[in-house]
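Hello,

Here is the structure I promised to pass on. My notes on it follow below.

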Amino acid sequence: MKHNIKILVLALTFALLMPAGAACQGMPVYDNTNFISLAKSLVESAKQTSELLKTVRFLKEQKERIEQVSNVIKQLKAVKELYRNNQKLYNMVQNDLRGILNSPYIKVDEINRVSESFNTIIERSVEDLDFVSQILSSNNLKMTDAERAVFLKEKELRSKEMVAEITQKTKRYQEIISFREMQGKINNRETNY
């Protein structure tokens, strides 16, 4: 009997000291509420992902529209500046050329050269305006809005260069006139020796 008690005590000690996993072998127990809440959270996550994708698509479309509007605004600014530069060019040529040609200090043989130099610039300006008008009014030249904006910016810079060229020519001819006027005064002064 002592031997049986020893075996029983030893068996109870092993049973108490053994880990719970070893003692509880059998069918696993699952909590159905965890699966239901997991499924609900997955469905909610899918809805949020879908909404995020729609938002991303919407934002991409808005970005493209903003870029289109920005390109159109750039084109309008470039056209406006181009028109302003050409208007300044015409006014300068009309006023300054008349003043230069009416000066008594410009020789007859110089009148044609002066007129031609100013007319050449005006003709280039008119050609540029006509070409810009064709680009803006027809789709024959397949250009994106960005390409058209770059082209218009180039034409705007060219028109500024023409204005600078006219200004330089006007200044040069006015200096010639001033020099000749001063030379005439010196040559025609009365001497009182």
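**The cores**

The largest nonpolar core has 15 residues, and those that touch the most other members are Leu89, Val93, Ile100, Val114, Phe118 and Ile166. A nonpolar core here is a set of buried Ala, Val, Leu, Ile, Met, Phe, Trp, Tyr and Cys residues joined through side-chain atoms within 4.5 Å. Buried means under 20% relative accessible area, exposed over 50%, and partly exposed in between (1.4 Å probe, protein chains only). Two or more residues of this core come from each of α3 (32–101), α4 and α5 (145–187). Apart from this core lies another, of six residues, including Leu82, Val132, Ile135 and Leu152. In soluble globular proteins, nonpolar side chains tend to be buried together.

Phenylalanine 118 is in contact with Val93, Leu97, Ile100, Ile166, Lys169, Thr170 and Tyr173, leaving aside its neighbours within four places in sequence. Contact means heavy atoms within 4.5 Å.

**How to read the model**

This is a predicted model: local features need pLDDT of at least 70, side-chain atom pairs count only at pLDDT 80 or more, and totals for chains, interfaces and linings use all residues. Residues are numbered from 1 along each chain as its sequence is written, and side-chain values use heavy atoms, with hydrogens and water left out.

**The chain as a whole**

The protein chain has five helices and zero strands. Helices (H or I, at least four residues) and strands (E, at least two) are DSSP runs, numbered from the N terminus. Of the 193 residues, 21% count as buried. The chain exposes about 15400 Å², and carbon and sulfur atoms supply 59% of that area. Accessible areas come from the Shrake-Rupley method with a 1.4 Å probe; for residues, only the protein chains shown count as cover. Take the contacts between residues at least 6 apart in sequence: 79% of them join residues at least 24 apart.

**Helix α3**

α3 has 70 residues. From its first C-alpha to its last it reaches 102 Å, close to the 104 Å expected at 1.5 Å a residue. The expected span is 1.5 Å times one less than the number of residues. Among the buried residues of α3 are Asn71, Gln75, Glu81, Asn85 and Asn86, along with Leu82, Leu89 and Val93. The buried residues of this helix pack against α4 and α5.

**Charged residues to look at**

The contacts below do not count residues up to four places away in sequence.

- Glutamate 110 is in helix α4 (residues 108–137). It counts as buried because its relative accessibility is 13%. It touches Tyr105 and Arg180.
- Lysine 155 is in helix α5. Its relative accessible area is 13%, so lysine 155 is buried. It touches Leu82, Asp128, Phe131 and Val132.
- Glutamate 165 also lies in helix α5. At 28% relative accessibility, glutamate 165 counts as partly exposed. It touches Ile121 and Arg124. Its C-alpha is separated by 9.7 Å from that of leucine 89, 76 residues apart along the chain.

**At the surface**

Which residues form a nonpolar patch on the surface? They are Met1, Ile5 and Val9, with about 340 Å² of accessible area together. Patches are made of residues with over 30% relative accessible area and no salt bridge: like charges are joined within 9 Å, nonpolar side chains (Val, Leu, Ile, Met, Phe, Trp, Tyr) within 5 Å. A salt bridge is a side-chain nitrogen of Lys or Arg within 4 Å of a carboxyl oxygen of Asp or Glu. Methionine 1 is in the segment before α1 (2–17). Methionine 1 counts as exposed, at 74% relative accessibility.

Best wishes
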